[in-house]
Protein chains: 2
Amino acid sequence: MRNLDEHNITAEAHRRIAATPDARLHQIMRSLIQHLHDFAREVKLTEAEWFAGIEYLTKTGQMCNEVRQEFVLLSDTLGLSQLVVAQSHSRAAGMTEQTVFGPFHVEGVPTLIEPGSDIARGTQGEALYVSARVSSGDAPVEGALVDVWHADAEGHYDTQDADWAVERSRLRAVFKTDAEGRFSFWSILPKSYPIPTDGPVGTMMRATKQSPMRPAHIHFRVRKPGFDTLVTHVFADGDPYLDSDVVFGVRSSCIGTYERLSPGTAPDGTRIDRHFYALDFSFALEPDPAG
Amino acid sequence: MRNLDEHNITAEAHRRIAATPDARLHQIMRSLIQHLHDFAREVKLTEAEWFAGIEYLTKTGQMCNEVRQEFVLLSDTLGLSQLVVAQSHSRAAGMTEQTVFGPFHVEGVPTLIEPGSDIARGTQGEALYVSARVSSGDAPVEGALVDVWHADAEGHYDTQDADWAVERSRLRAVFKTDAEGRFSFWSILPKSYPIPTDGPVGTMMRATKQSPMRPAHIHFRVRKPGFDTLVTHVFADGDPYLDSDVVFGVRSSCIGTYERLSPGTAPDGTRIDRHFYALDFSFALEPDPAG
């Protein structure tokens, strides 16, 4: 068909993909084309605006590398990531809720380490002892794999270090729950921090007058066959950014108390001569017969 | 606000950008967020599909370089480019219509050359003589700048050559219309060709069983203060792909006759001892008092 204009082009674009063999892909493409076209018509997008959009998306792709995913960050800050997470994991009351994965997880590093280890590996900060329990219903979940990762006191993840390499991983680890569903580790207290603002997402933050801040948190991924994998954070109760998290990630079931304790004996018997923090948290997994 | 799920997150995302100082940007961002979220809800986008989308957009950005714009190609093949072009230039009857700019124009090269020149610069193909006239209403338009660019007989633009450089430009030029609004040049006959399919757009073409073909055409951009800049193609009448142009660009007012002529004397007096082609075309510009 020829002589396509803004009124008849959507129907023609739908006809063009009508022979898509994969029914799900066809459904997604139809909806994508419809909304893309509706958006451009609704705001009467100009050619200059269209080209600014092309350049924005190009820069976003070119900002991505092995350890930085600017498109994930863009999706996070537009609320798309949390929307997809929420509709993929609607949880029964009492279950720990899912939140965004974020762009800073590294698969498989470092390998499984001893319970009670210090994952800070020399990173400066206030000492934090984390003890946690994984359960489902009333039963502890033994042998679950728990990935932990978080930023340092300046809000930097190890992968943002110029010389980062797997061997120099810090503030990340994988633990296995014991017979009581427990795991524990030492680290440093996480702080609220801004997402990276030196790329296209930062440009958007400034142009839309948004705060780039995330409330302090530690990331957790808890996996065991038979349960829906839990990807979540534990946010710090009282953080000033809990209601304005730039990636829309805060759920009430994901807020924990990072308690400030006086010098003395830590829960694992360690003697501490400065004040330190302790987080005790329980993760409640949702059974997934298919998982 | 916390506890955001797929139902309440769109309103919160709108609240977050409410202080955007630029009213037009605010309007565009609101609509973009609404349609992006509606799309994800409508198809109940899964996390795996979301991530496939992230990877697709990342690859698209990383395929772009100085002479290749894969995001423009993606926009073209989704019908977005032609939609934006059409709604930006609704033309009165009798005016030459606008079509997509495409990713192969090079700004400013080569510089203005002599009327009647051969822009093929040795490129193999069947000889083509183009004579054209630019007018508005009944009056010729003198001194208009006319950019011309097209692909060779294999569908390749010079910028797709591995060793392309401005000095090695071919099949592109800039002319100036004379007192009668005329310009002319020699080149080679353009052929129908597939868009580049070695990138993410090619992946989409194959997955949706679409033809990547464009009907044979020459690109023209005609500019003069006081007229709406005309960006268009002249397509070859009779081409089998006129109704399935992969970038949705064919308008009836942009189809010309590339006439096959016997050896003899060309319109400019040149003696030709093989058969050759001639295109005679009239461009009708839309006045733009603000332009």
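## Salt bridges between the chains

In this predicted model, chain A and chain B are linked by 4 salt bridges, a salt bridge being a side-chain nitrogen of Lys or Arg within 4 Å of a carboxyl oxygen of Asp or Glu. One of the salt bridges in the structure pairs A:D243 with B:R2, with the closest N and O atoms 3.0 Å apart. Another joins B:R24 to A:E49, where the closest N and O atoms are 2.6 Å apart; this pair crosses between chains, from helix α2 of chain B to helix α3 of chain A. Over all chains, the structure holds 38 salt bridges.

Residues are numbered from 1 along each chain as its sequence is written, while chains are lettered from A and ligands numbered from 1 in the order in which they are written. Local features need pLDDT of at least 70 and side-chain atom pairs count only at pLDDT 80 or more, whereas totals for chains, interfaces and linings use all residues, and side-chain values use heavy atoms, with hydrogens and water left out.

## The interface as a whole

Contact, meaning heavy atoms within 4.5 Å, involves 75 residues of chain A and 75 residues of chain B. The area buried between the two chains, which is the accessible area (1.4 Å probe) lost on putting them together, summed over both, is about 7100 Å², and carbon and sulfur atoms give 59% of it. A:R2, A:R16 and A:Q87 supply 10% of the area that chain A buries against chain B, more than any other three residues.

On the side of chain A that touches chain B, α2(A) provides the largest share, 16 residues, the helices being DSSP runs (H or I, at least four residues) numbered from the N terminus.

## The largest pocket

The largest pocket has a volume of about 1800 Å³. A pocket is an open set of points on a 1 Å grid over the protein atoms alone, where a 1.4 Å probe fits, with protein on both sides within 12 Å along at least five of seven lines, and lining residues have an atom within 4 Å of a point; the volume is the space filled by probe spheres set on the points, which are joined across faces, edges and corners.

Of the 50 lining residues, A:L32, A:L36, A:L57, B:L36 and B:L57 are the closest to the centre of the pocket. The most is given by α3(B), with 9 residues.

Notes: Helix = DSSP H or I, 4+ residues; strand = E, 2+ residues; numbered from the N terminus.
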